[in-house]
Amino acid sequence: MIVNRGFGKKRDDFVAGDRLPPGQYLTEDFPVLSLGPTPYVEESDYRLRVYGLVEKEIELNWEELNNLPQTEIVKDIHCVTKWSKFDTNWKGVMLDEIIKLVKPDPSASHIIAYSYDGYSTNLPIEDVVDGKALVALSYSGEEIPAVHGGPVRLVVPHLYFWKSAKWLQAIEFVEGDRPGFWEERGYHNYGDPWKEQRYDTDE
Ligand SMILES: Nc1nc2c(c(=O)[nH]1)N[C@H]1C(S)=C(S)[C@@H](COP(=O)(O)O)O[C@H]1N2
Ligand SMILES: [Mo]
């Protein structure tokens, strides 16, 4: 007798296939996870400061960000609280474009992303180049809802979603690592969902 194991499964499990990292479940919703109240930043007041170990420090306003080359990505996202959402659509400026403008010093090894709500998170530079990190200006073709980090958030889909700083305010290039908000409070320093690097006790 031929048994096709696919038929007995719930549709979500079937569709998820090997796109779902270990320990994650698929959701169609878009949960909101914020430390505190949403900071409402008007596009006209928005500034992104890029500084630290760079040849040229810059500050970009909303219009200047929109005038840089735009890239659209469709990526699965994975939150450490175990939900994953497939095919999220973001458009904005790849961090590669910003790197071209500031020219980081060869000594810089990490970036620290800082947010308008006081949040911060650290990322190795190799994880934010070559199309791996987007300074997102829109979600699903619309302005990013404020609760999801609008007007501007970082999206680094290959790592757990806490690395994707909402309400992005500044990016600092630093030499050596410097844990951010959650990394100081027991989350894993790197956060690879495929290796289940949830907490600092995980390898
Ligand atoms: N500025 C800021 N960015 C943040 C957070 C936050 O509290 N403040 N929460 C992080 C966490 S833990 C997650 S899972 C995602 C949640 O993004 P969402 O609310 O759009 O789902 O944002 C991350 N970025
Ligand atoms: Mo999270």
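**Note on the predicted model and its ligand site**

1. Glycine 131 lies in the loop between β7 (120–124) and β8. Strands here are DSSP runs of E, at least two residues, and helices are runs of H or I, at least four residues, both numbered from the N terminus. At 38% relative accessibility, glycine 131 is partly exposed. The term covers values between buried (under 20% relative accessible area) and exposed (over 50%), with a 1.4 Å probe and protein chains only. Glycine 131 and leucine 95 are 36 residues apart in sequence, yet their C-alpha atoms are 7.5 Å apart in space.

2. Basis of the note. This is a predicted model, in which local features need pLDDT of at least 70 and side-chain atom pairs count only at pLDDT 80 or more, while totals for chains, interfaces and linings use all residues. Residues are numbered from 1 along each chain as its sequence is written, chains are lettered from A and ligands numbered from 1 in the order in which they are written, and side-chain values use heavy atoms, without hydrogens and water.

3. Helix α3 spans residues 95–102. Its buried residues include Leu95, Glu97, Ile98, Ile99 and Val102. Lysine 103 follows α3 and has a positive phi, near 50°.

4. Two further residues deserve a look for their backbone angles. Serine 140 is not a glycine, but its phi is positive, about 50°. It sits in the loop between β8 (134–139) and β9. Serine 140 is partly exposed, at 43% relative accessible area. Glutamate 196, also not a glycine, has a positive phi of about 50°. It belongs to the segment after β11 (168–174). Its relative accessibility is 27%, so glutamate 196 counts as partly exposed.

5. Check the cis peptide. The bond from glycine 150 to proline 151 is cis, with omega near 10°. Proline 151 is in the loop between β9 (142–143) and β10 (153–155).

6. Glutamate 183 is also in the segment after β11. With a relative accessible area of 7%, this residue is buried. Its side chain makes a polar contact with the side chain of lysine 163, at 2.7 Å. A polar contact is a pair of N or O atoms within 3.5 Å; within protein, one must be able to donate a hydrogen and the other to accept it, and residues adjacent in sequence count only if both atoms are side-chain atoms. The glutamate 183 side chain also reaches the backbone nitrogen of glycine 180, at 3.1 Å.

7. Now the ligand. Ligand 1 has 20 residues around it, and Pro31, Asp117, His148, Arg153 and Lys166 come nearest. A residue is near if one of its heavy atoms lies within 4 Å. By class, the shell holds 13 nonpolar, 4 polar and 3 charged residues. Here Asp, Glu, Lys and Arg count as charged, Ala, Val, Leu, Ile, Met, Phe, Trp, Tyr, Cys and Pro as nonpolar, and the others, Gly among them, as polar.

8. Atom pairs at the ligand. A polar side-chain atom of lysine 166 is 2.5 Å from an oxygen atom of ligand 1. For leucine 35, a backbone N or O atom lies 2.9 Å from a ligand 1 oxygen atom. A polar backbone atom of serine 164 is 3.1 Å from a nitrogen atom of ligand 1. The protein covers 98% of the 530 Å² of accessible area that ligand 1 has on its own (Shrake-Rupley method, 1.4 Å probe).
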